Amino acid sequence: MRTVLFCFVVTLALGCTSPESLRLYVLDCGRISFGSPAPFGVSDSETDARQLAVPCYVVEHQKGRLLWNAGMPSELARKGWVDPPPQTIKDPTVQVRLDRTLADQLSDVSLTMASFDFVAFSHMHFDHVGTVNELSGATFLTNEAEYDAAFADPVTVPLFNPVYYSGLRETKRLTVKGEHDVFDDRRVRIIPAPGHTPGHQILFIDLQETGPIVLGGDLYFFPASHELQRVPVFNVSEEQTRDSMRRVDALLQETGATLWIEHDPATFEGLRKVPEFYQ
């Protein structure tokens, strides 16, 4: 009883976070179909996947709310399989699909596009930032390398299209260097993992019941990518990618975290979606 009372007093005085207050919601923010996995560095015989999942995540913390990745553009919703948006994927075998907008899914848990304290993205490819211009009021957490590449003139990184994230120019921005502890308790950490793009990053979340999770962004696309340490041909730096792979694998070993390969359809199908959550 004295321990419970002490924790209650400390929480009031210092804003401490109870372990149960951290939640992770998973949302279905699109699909991408393709003819061959070869561009991802994996052969046809090494994976039978011919689709990518496109997830978004909401992190609920006592000190605030974070949106991690914003999915594909809302304009694609309810059109079925269609060609990718202009100035994105140029592979003629690729099609994209979005069944429900991010805003529509957020309503399942009584949230809107203005409900976030922070927004952050593993990187600025269109399928991760497609609804950015619909967001309002959140602080954009970014690193300098990714921001500079996204707003270069001209933009040269493949799949970066400022049409989908132009609103970030006017958004309150916090430029971070190295690892960033989002809520100052080491339970939600943005960790650099460059190579796929200049400032690609991953998200570490230490959940009380589920255990620690690493949302791996596009460091890997399929389990075979991880097992075989394969680098996609469109990554901006193979050297940086391999270094990031080594560092993230060391993090997994050190923390015992489970790696969620975000685009892997089999992994994604097995996850609970909103309004359910992980804690």
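**Close-ups of a disulfide and salt bridges**

**View 1. The disulfide of Cys-29 and Cys-56 is left-handed, because the torsion about its S-S bond is about -135 degrees.** In this predicted model, local features need pLDDT of at least 70 and side-chain atom pairs count only at pLDDT 80 or more, while totals for chains, interfaces and linings use all residues. Residues are numbered from 1 along each chain as its sequence is written, and side-chain values use heavy atoms, with hydrogens and water left out. The sulfur atoms of Cys-29 and Cys-56 lie 2.1 Å apart (a disulfide is a pair of cysteine sulfur atoms within 2.5 Å). The bond links distant parts of the chain: Cys-29 sits in strand β1 (residues 23-33), Cys-56 in strand β2 (residues 51-61), 27 residues apart. Helices (H or I, at least four residues) and strands (E, at least two) are DSSP runs, numbered from the N terminus. Cys-29 is buried at 2% relative accessible area; Cys-56 is buried at 0%. Buried means under 20% relative accessible area, exposed over 50%, partly exposed in between (1.4 Å probe, protein chains only).

**View 2. Arg-31 forms a salt bridge with Glu-269.** The closest N and O atoms are 2.5 Å apart (a salt bridge is a side-chain nitrogen of Lys or Arg within 4 Å of a carboxyl oxygen of Asp or Glu). Arg-31 lies in strand β1 and Glu-269 in helix α7 (residues 265-269), so the pair ties together parts 238 residues apart in sequence. Arg-31 is buried, at 14%.

**View 3. Glu-46 and Arg-230 meet in a salt bridge, 2.7 Å from N to O.** Glu-46 is partly exposed at 29% relative accessible area. Arg-230 is partly exposed at 26%.
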